Amino acid sequence: MKIKILKDYNELSYTVADIVEEQIKREPISRFILPTGSTPHGLYKELVSRELDWGAVMTYNLDVYIMNPNHSQSYQTFMKENLFNKINIYPTNCQFPDRNVQSYEQRLKGIPADLCILGIGTNGHIAFNEPGSSFDSETRVVDLNEQTIEDNSRFFDSVDDVPKQAITMGLKTIMKSKKIVLIANGVHKYKILNVAMNGGITEKVPASILQKHNNVEVFYCD
Ligand code: PGA
């Protein structure tokens, strides 16, 4: 699969913002699956600056930690601070997985998302589908892998404060999206990105499932 190498983080952010903008303008009633983490920061900043009409958009987040949603490091807080509080989206149209996993799955089942934006973990995870996750997986509660806890400890006071469990959209659910955009930033991501896109398709590297999707774009910058 082709990995499009962009010149810098700025270009990565506005290239993906262009795709989102084009989708909203073409279909104001759009459904997006959205990521958290450090990679989409620039994308959300860019989208806020464009003053698009989000009035008919529905969003579904990929995953949440099992923790107080009002905590400063929860993914609900991240989305509010970086995007939702700064655009004209209806709060009730911003959906997050919760313990009622069947209900979240049903909301995504009937009508596939128009666009799913994903990051990739250094262990090849997408959302919190850690290595070994079934390609048939749906929304569920998962234990976080040690590598993920270590990687995400940078957002917390100590590694012990990182939640150990999360609720994640499954790989099968993600694959139903009409279009998928994978973004990765930093040399520490290149190796796993290349393995996922050009190595064998295996549950040991969850992102490798994307090779089976017919509408994926992959963007990388150092
Ligand atoms: P990051 O996380 O954007 O913080 O690197 C990506 C991921 O783990 O999916």
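User: Are Phe32 and Trp54 buried or exposed?

Analyst: Both Phe32 and Trp54 are buried. Buried means under 20% relative accessible area, exposed over 50% and partly exposed in between, with a 1.4 Å probe and protein chains only. The model is predicted, so local features need pLDDT of at least 70, side-chain atom pairs count only at pLDDT 80 or more, and totals for chains, interfaces and linings use all residues. Residues are numbered from 1 along each chain as its sequence is written, and side-chain values use heavy atoms, with hydrogens and water left out.

User: How many aromatic pairs are there, and what makes the pair of Phe32 and Trp54 tilted?

Analyst: The count is nine aromatic pairs. Rings of Phe, Tyr and Trp (its six-membered ring) pair if their centres lie within 6.5 Å; planes under 30 degrees apart count as stacked, over 60 as edge-to-face and the rest as tilted. For Phe32 and Trp54 the centres are 6.1 Å apart and the planes stand at 55°, hence a tilted pair. Phe32 is in strand β2 (residues 31–34) and Trp54 in the loop between α2 and β3, 22 residues apart, and the pair links distant parts of the chain. Helices (H or I, at least four residues) and strands (E, at least two) are DSSP runs, numbered from the N terminus.

User: Why is the pair of Tyr65 and Tyr75 called tilted?

Analyst: The ring centres of Tyr65 and Tyr75 lie 4.6 Å apart and their planes are at 35°, so the pair is tilted. Tyr65 belongs to strand β4 (residues 63–65) and Tyr75 to helix α3 (residues 75–82), ten residues apart. Tyr65 counts as buried because its relative accessibility is 3%; Tyr75, at a relative accessible area of 10%, is buried too. Ring pairs join Tyr65, Tyr75, Phe128 and Phe156 into a cluster.

User: What makes Glu51 exposed and Ala127 buried?

Analyst: Glu51 has a relative accessible area of 73% and is therefore exposed, whereas Ala127 has 8% and is therefore buried. Glu51 sits in the loop between α2 (41–50) and β3 (58–61), and Ala127 in the loop between β6 (115–118) and β7 (140–143). Phi of Glu51 is near 50°, a positive value in a residue other than glycine; phi of Ala127 is likewise positive, near 50°.

User: How do you know that the span of helix α7 agrees with its number of residues?

Analyst: The expected span of a helix is 1.5 Å times one less than its number of residues. Helix α7 (residues 187–198) has twelve residues and should span 16 Å; its end C-alpha atoms are 17 Å apart, which agrees.

User: Which residues of α7 are buried, and what puts them on the same side?

Analyst: Lys189, Ile192, Leu193, Ala196 and Met197 are buried in α7. These residues cover an arc of only 130° around the axis (taken from the directions from the helix axis to the C-beta atoms), and therefore lie on the same side of α7. The face turned away from the buried side carries the exposed residues Val187 and Lys191.
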